[in-house]
Structures are given as structure tokens and as C-alpha cells.
Amino acid sequence: MQSPLPVRAGVNATRLRLPEEGPWDTAMDYMMHRWGHIDPQGIEDRFDAGEIVGEGGVPLDRTTPLQDHTFIWYYRSLPPETRIPVEITILHQDEHLLVVDKPHFLPTTPGGTYIQESALVRLRNQLELPDLIPMHRLDRMTAGVLLFSTNPGTRGRYQVLFEKRQVQKEYECVSAAGPAEGYPAVDFPVVVRNRMTKSRSYLLAEVIDGEPNAETRIERLETFDGGAASGAAGTSAAELGSPRRLARYRLEPHTGKTHQLRVHMASLGLGIINDAFYPDLLDKAPDDYARPLQLLARGIRFVDPMSGKPVEYRSGLDLSEAHPAQR
């Protein structure tokens, strides 16, 4: 449903569905029930100022009956955010698409404590493109190629490509050269297939029994001396200070489940370097910008629906652990 309020400071207005019935006479009564314990005066002030609107942009006031509107829109009061010390690089821009290199640590879209500090909001403000929408997503801790639609009129033609799996994605990661103790040897290239599920109430994706819904082809590209193991995520006490043999891998997902690549690498005993989730969930700690997750969306290719020609966009970023001599 189209918001009657424009994007403001790069952020969409929030939409709220009002209940059809209940112990509330007015829309304001319901909002007080939901958020009055946080800022009751602020809610009253917004209604008085006409800053909360219904369908068609009609302003609501304190007396607007609950049943008058199914949906209402308003702008959230956003807390100040500390800037994440990373930058976005633009790889391509035309009248239909924006392609960027998203850095590690920056989320694709607003959520939780990251609103202004998301790739979408930064780019909307930087490029003055309020209609900008991501065509797909990368995890906050994953870097690399990310596509945005700049034109609502042609957006659907690109969305169909993703829905029909006509977009080929290529990732790279750095992990140990061989599986951890207790895991069998791997004959590369290998295809990992399993059934994955991810609950919104739980941080981790899980592998469960059932028909596979996640598939990744994994190829080992090179092995190299990674230097002495440090206190990075996934490093055991016994490994600290020990020489490491690392490898760079190419990952080609056929599906796009949440955390799919991280789960599939961990299932082989090859957890990605600096992964704080898989194979073991570590205690939450502040971001360590010197130790990004060693996972990169290296490239994306498809037949552009506007030109009819095949296109490919490649990341200009590198994984720091793939070049230990440069650290």
C-alpha cells in the first residue's frame, strides 16, 4: 500500500494497522495503549499537529474514531546514531539501477538500532533518490555487490529476475584450508543441499529434516599461509598463536536462504573466518572493524530486462584475510 507521506531524511513513514474493534474509542487511544508508556506527550503533540495521517493523507486528531481508518502513517522519532566508519562505493548508476559495493558492518536496510546508518538511507540522502529500493539484501556483516532500483516504473521487471532465479550470484570467503577435527575430508567442488529454517525470534538459521530448500556450490580457489591464529571469532584457545593454513573459496548459491552460505560452510567444518554465529554462537561484543566477516559478494550477473543484454557487476573489495602479508 502506497504511503501518503513522502520519504523524510531517507526514511519511510511508519505504517500502523488499527484494530477493527477493542476497548479504544479513538485512534489516539489505541496509540496510547501501544506506546503511551514511552512518550504520551509526544503522541498527543503529533495528533494536535496533524502529523499522523490516514488513507489519502487525511490528518487525524485526538477525536478521530478508531473505526475511521484501517491504516495510519506517521514519522518515528529517531534517536541519534553513531556513524559506522565505513563508506559505500558506487559501481554503476543509470535511470533504472544503482549498483554499489556495500562495506562490512553496514546493514542493507533500516532495522533495530540502525536507521540512518543503513545502506538504503545513506544512499537515499546522498544521491537524493527517495524512491530507491534494494533488489536483494546482504547481511550486515557481509560486504560486496548490492543492487538497488532507482525507477519505480521499471522496478517490477528486475524483481521478476530475482523471483525466477534468473540472477547468478558469486561470493568469496576465507576459511581454513581443511575441515575442523571431527569432520570428513571434502572433495571440491562440492554441492551442499539441505533444508534450512530461520525464525524471527532466534538469531541463528537451523538445518532441519525434510526436502532440501537451500543449495550452494562450493569451490576451493587457492590455499595459503594465513599466519598465526589470533583471537578472531571461531578461534579456540588451543589454536591461538598457531600457524594457520587458510583457503579462499568461491560460493555459488542456487537459493537465497538467510545465512545460507555461513551455515553451509560451517556444515563442512569450514566456518568462515570471524563468523561470530557459525559454527558456534559467541557472546555479543562491540563490532571489531579490524576483523570483518570474511565473506564477500564478489559478483552478480543477469540479462538486463531493459537492454536485453547480459550484464555483470563485480566488487572492487578484497577480503583482508586473503592477503595476510598486507595486514
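A salt bridge here is a side-chain nitrogen of Lys or Arg within 4 Å of a carboxyl oxygen of Asp or Glu. The model is predicted, so local features need pLDDT of at least 70 and side-chain atom pairs count only at pLDDT 80 or more, while totals for chains, interfaces and linings use all residues. Residues are numbered from 1 along each chain as its sequence is written, and side-chain values use heavy atoms, leaving out hydrogens and water.

By the salt-bridge rule, the count comes to 21. One of them joins Glu219 to Arg217, with the closest N and O atoms 3.2 Å apart. Glu219 is partly exposed at 23% relative accessibility (buried means under 20% relative accessible area, exposed over 50%, partly exposed in between, with a 1.4 Å probe and protein chains only). Arg217 is partly exposed too, at 30%. Both residues belong to a network of salt bridges that also takes in Glu170, Arg250, Glu252, Glu312 and Arg314.

Arg298 and Glu172 pair up as well, at 3.1 Å from N to O. This pair ties together distant parts of the chain, strand S12 (residues 295-303) and strand S7 (residues 168-176), 126 residues apart (strands are DSSP runs of E, at least two residues, and helices are runs of H or I, at least four, numbered from the N terminus). Arg298 is buried at 9%, and so is Glu172 at 7%.

Arg46, in helix H2 (residues 40-48), goes without: Arg46 is buried yet has no salt bridge, and the nearest side chain of opposite charge, Glu51, sits 4.7 Å away (Lys and Arg count as positive, Asp and Glu as negative; His and the chain ends are not counted).
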